[in-house]
Amino acid sequence: MIRKRDAGCCLAFLLFYFCFPQECLAINVVEKIEFKETEQAFLTIVCSEKVSDYTSFYLKDPSRFVVDVKDARLSERIGRRISLNHLDMISIRTGDHKEYARVVLDLKGATKPDLMVHQEENVICVAETPCNEAHNGILLLGDSNEIILEDREGPIPEEKGTHGESERKVKLEGDLEVKYSGDISEDDQLENLHDARSLFTSTIKYLLSPQNFIKAGIRVRYIEEWDNSRYSFTKVTLGEAYLNLVQGDFYASCGNQIVRWGSTDEISPIDVINPEDLTELFINRRAERKLPAPMVRLGWLNEIMNIEVIYLPVFLDSDVEYFDSDWSLFPHFPDRIAEVSPAAIGSVMKEIRLEEKKVGRKLENGEGGVRLTKSLSNLDIGFSFFYGWEDIPQPTPRTESGKSIMQILFGPQQAGQIFSKLTAPLTSNDLILDLEYNRFSLYGLDFATTWRDLAIRGELAYFKERHFLRTRDLSIVSEEVFQGVIGVDYNISDDWYVNCLYSYERIFSDEDLIGTERSNENLIGSVIWDIKKDQFTFGLYSFYSLTDKSFYLNPSFVWDMGDHLRWEIGANLIWSGCGAALFPYKDNDNIYVELNFCF
Amino acid sequence: MLPGDAMYFESKSVRACWLALFLLFVLVISENGFCQPSATQIMEQVYHRDDGDDSKAVSEMILEDKNGDRRIRELIVYTKDFPGDVIKSLTRFTSPADIAGTGFLNWDNKDKQDDQFLYLPALKRVRRIVTTQKHLRFVNSDFTYEDMERREVDRDTHQLLGTTQYKDLDCYLIRSIPKEMTNTQYGYFKSWIAKNLNIIVKTEFYDKNQDHYKTYTALALKKIDHIWTITHALLEDHKRNHKTILKLKGIEYNINLSDSYFTKNFLGSY
């Protein structure tokens, strides 16, 4: 019994021993810490036993170098802080921790001397490089300061600093799109069954620094439609060409550039700064349609909000066709009238001309705006004000008889009836309609946020005045308009992406207006399926007007043939009832193939 | 049996013996716990390892599919530590032409959801993107958005499995299990941490079905501006049979990058 009791006492002692505070557990004792400024191994940590292991590392805020001696405790004789009179080091501090004794070398400011740690039996030395003594872990690899763990890829290209390919001062970039579309069926004797389009853009970018650069570019557009009524269009313009500067919290860019405000995609009422390439109307996506315009942009990023101001001294109108193309605002109008009207009327109507009244290049004819943006938690909001010119002009007759011509333009089926009411023969002036650009001002609010797995974006826009043609007398009226858009993005998986957008527009008018209802609702949806990453993609884009029930569908298949070449095959399909916005284009259903080469 | 009774006393000491033996056993088997820093401490040291106040790196990202076909992309990554333990980084692809200009801005916030923005040159617009779908792949690489984050230590429970050699390096082997409620695609992962470097040199990722599906391996390290830097790394997706190789072409630390590099404005100006 006594023996059992003794055994119990022994074990209790062992238990007590193991449960005792950590200091008692560590059998190694740091007995001495020496600092000798003049020697290479300037810091020496001497322990009572051979050091089983140690770790060393830098820490910052404040900058310090740490050596942890494993399974060790500090001798009571060692002070907790030793002040140093050294160029780079302030002090040495020590401390006992649960499993190690810590020695900290406090460094001055952001100083980081190249230190190496060596261990020999019971001594740890901290030395400045170079040093070839035997030591632990990585330091066994000598003073090469490089460790190749596995050479799977061959040698890494040796480059100093970050001046690699990405840091090239001058970059030439470009993009060539060539597209052929063939109509699915011949529905009309005037429509062109074949359509070839190409767009070439190229830019030279000169980097002054990563944030500051100069760009200069060119844009060439070529269109050819053929079969029944040939149409061709070529335009060579300056592409993006501007200077971008950033200095601290301020930024500025000046020149021919594209600036997009707002946050939604295809319908974005706040995104009104740049003109658009509307030679194929809605077929291309909104971002692709944007044309650069000359402007000055100044911005200030500050703690409260970001402020951006833009000024466009010269108004540039959008590229839009009025008569000749299948994608004109009034497709093949004079020929169509001639086709459906008596020969006399037809020959007269062939003389109809639209003449743009250019906006004069005066200071007061400039466009401008201001935008304030702010990020609050995961919500980005922006307030915008813009005062500019509407991109699409409104026609006005030069003479009283010209009003009849306008009536025919918007209601060709009534041509015979209108002609019969004319009391005098038409003069050449009667057949000219002036296209007038009108001013508008916009107040916009936009936001972007995320909720669960959804990215949500929206815009609210109030147009103080937007211009329409009144049905009853074809005169231009200015109306207030409200437009709201909300869009949602969702990645179903790595391979599936869905985007939906709903827009509502309300025109505050008591009048009937030509070409639009007083309230309009639209839905846009797109789905992208990466069939094989970086190679095959299927896309489906659709537009549906809840107001006039017209529908546009664009299925496409993209074959990515590497870093520079891409093929796209798709279709543009349009369904529309009489009087709907898409009605003039209902016969333009086509299949297309597009080649895209970028460099 | 009463106190003072011999049997009572004997029984008490036998129980004390067993208890002591049991505790001794527990202590012996957990011996590592006394002699080595804890797994959490190691991960803390990895997390707080000095990687400079800011940096600018040029890298090559090589995507290799199961047939060995490769696509090579070049990118610049700017990183900076901000007050409040916020780390901001901006990644910009510079080549090839079909991806050049694409940018990704990440604000790695402490104690709240990160903010992420994407810039696609074709859209000419900066888009805020969802940060909850961390399992999605970053620009078709094997890195997911979760892999792009600097993983906070307290998101996982860490367990030190022991010490081991990995390619001549003395390493700690740690298993990290994401805590409940953590938004993650991983069931757990095992990390090899080079002892004196506080750098993860290998990680095996296991999905929620405990299947090993990704492996990250550091292939080369170099001391640049006093900071040990991974210069060559490989991420393999074993399910897809796909690889992403990252080669560092150059890096500069502590270059006093302006805060304006980490704004939506800079992201959108290309």
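Analyst: What follows goes through the salt bridges one by one and then turns to other parts of the chain.

The model is a predicted one. Over all chains, a search of the whole structure finds 67 salt bridges. Side chains of opposite charge can pair when their charged atoms come close.

One of these pairs is B:Arg127 with A:Asp265, whose closest N and O atoms are 2.9 Å apart. B:Arg127 sits in strand β6 (residues 125-129) of chain B, while A:Asp265 sits in the loop between β17 (250-257) and α3 (286-289) of chain A, so this pair joins two chains. Buried here means under 20% relative accessible area. B:Arg127 counts as buried because its relative accessibility is 16%. A:Asp265 counts as buried as well, because its relative accessibility is 13%.

A second salt bridge is formed by A:Glu276 and A:Lys290, with 3.5 Å between the closest N and O atoms. A:Glu276 belongs to the loop between β17 and α3 of chain A, and A:Lys290 to the loop between α3 and β18 (293-301) of chain A, so the pair ties together parts that are 14 residues apart in sequence. Both A:Glu276 and A:Lys290 are buried.

A:Asp446 and A:Arg371 are both buried.

Some salt bridges share partners: A:Arg260, A:Asp271, A:Glu276, A:Arg286, A:Arg289, A:Lys290 and B:Arg125 are joined in this way into one network.

Now the wider setting. Chain A has 599 residues, and 51% of them are buried. Its secondary structure consists of seven helices and 33 strands. Of the contacts in chain A between residues at least 6 apart in sequence, 56% join residues at least 24 apart. The accessible surface of chain A is about 28,300 Å², and carbon and sulfur atoms account for 57% of that surface.

Some of the strands form an open sheet of three, in the order β20-β24-β23 (chain A), with mixed pairing. The edges are β20 (353-357) and β23 (394-397) of chain A; each has a single partner strand, so one side of each is left without a neighbour in the sheet. Direction ignored, neighbouring strands of this sheet are turned by 35 degrees against each other on average. The pairing of β23(A) with strand β24 (residues 432-436) of chain A is antiparallel and covers four bridges. A:Gln394 has A:Glu436 in β24(A) as its bridge partner.

Across β23 and β24 of chain A lies helix α6 (residues 402-410) of chain A, which runs at about 145 degrees to β23(A). The buried residues in α6(A) are A:Gly402, A:Ser404, A:Ile405, A:Met406, A:Ile408 and A:Leu409. These buried residues of α6(A) pack against several elements of chain A, including α4 (333-340), α5 (343-349), α7 (415-421) and β26 (454-469).

A hairpin is found elsewhere in chain A. Strand β14 (residues 213-226) and strand β15 (residues 231-238) of chain A pair in the antiparallel sense, over eight bridges. A:Ile218 has A:Leu238 in β15(A) as its bridge partner. Four residues stand between the strands of this hairpin, in which A:Asp227 takes a positive phi near 135 degrees.

Lastly, the surface carries a nonpolar patch of about 950 Å², made by residues that include A:Val170, A:Leu176, A:Tyr206, A:Leu243 and A:Phe599. The strands β12 (170-183), β13 (194-207) and β16 (241-247) of chain A each supply at least two residues of the nonpolar patch. β12(A) gives the most, with four residues. A:Leu176 has its place in strand β12 of chain A. A:Leu176 is classed as partly exposed because its relative accessible area is 33%.

Terms used
Residues are numbered from 1 along each chain as its sequence is written. Chains are lettered from A and ligands numbered from 1 in the order in which they are written. This is a predicted model: local features need pLDDT of at least 70, side-chain atom pairs count only at pLDDT 80 or more; totals for chains, interfaces and linings use all residues. Side-chain values use heavy atoms; hydrogens and water are left out. Patches are made of residues with over 30% relative accessible area and no salt bridge: like charges are joined within 9 Å, nonpolar side chains (Val, Leu, Ile, Met, Phe, Trp, Tyr) within 5 Å. Accessible areas come from the Shrake-Rupley method with a 1.4 Å probe; for residues, only the protein chains shown count as cover. A salt bridge is a side-chain nitrogen of Lys or Arg within 4 Å of a carboxyl oxygen of Asp or Glu. Buried means under 20% relative accessible area, exposed over 50%, partly exposed in between (1.4 Å probe, protein chains only). Two strands pair if DSSP finds at least two bridges between them. Axes are lines fitted to C-alpha atoms, for helices over the stretch in contact, and angles run from 0 to 180 degrees between N-to-C directions. Contact means heavy atoms within 4.5 Å.
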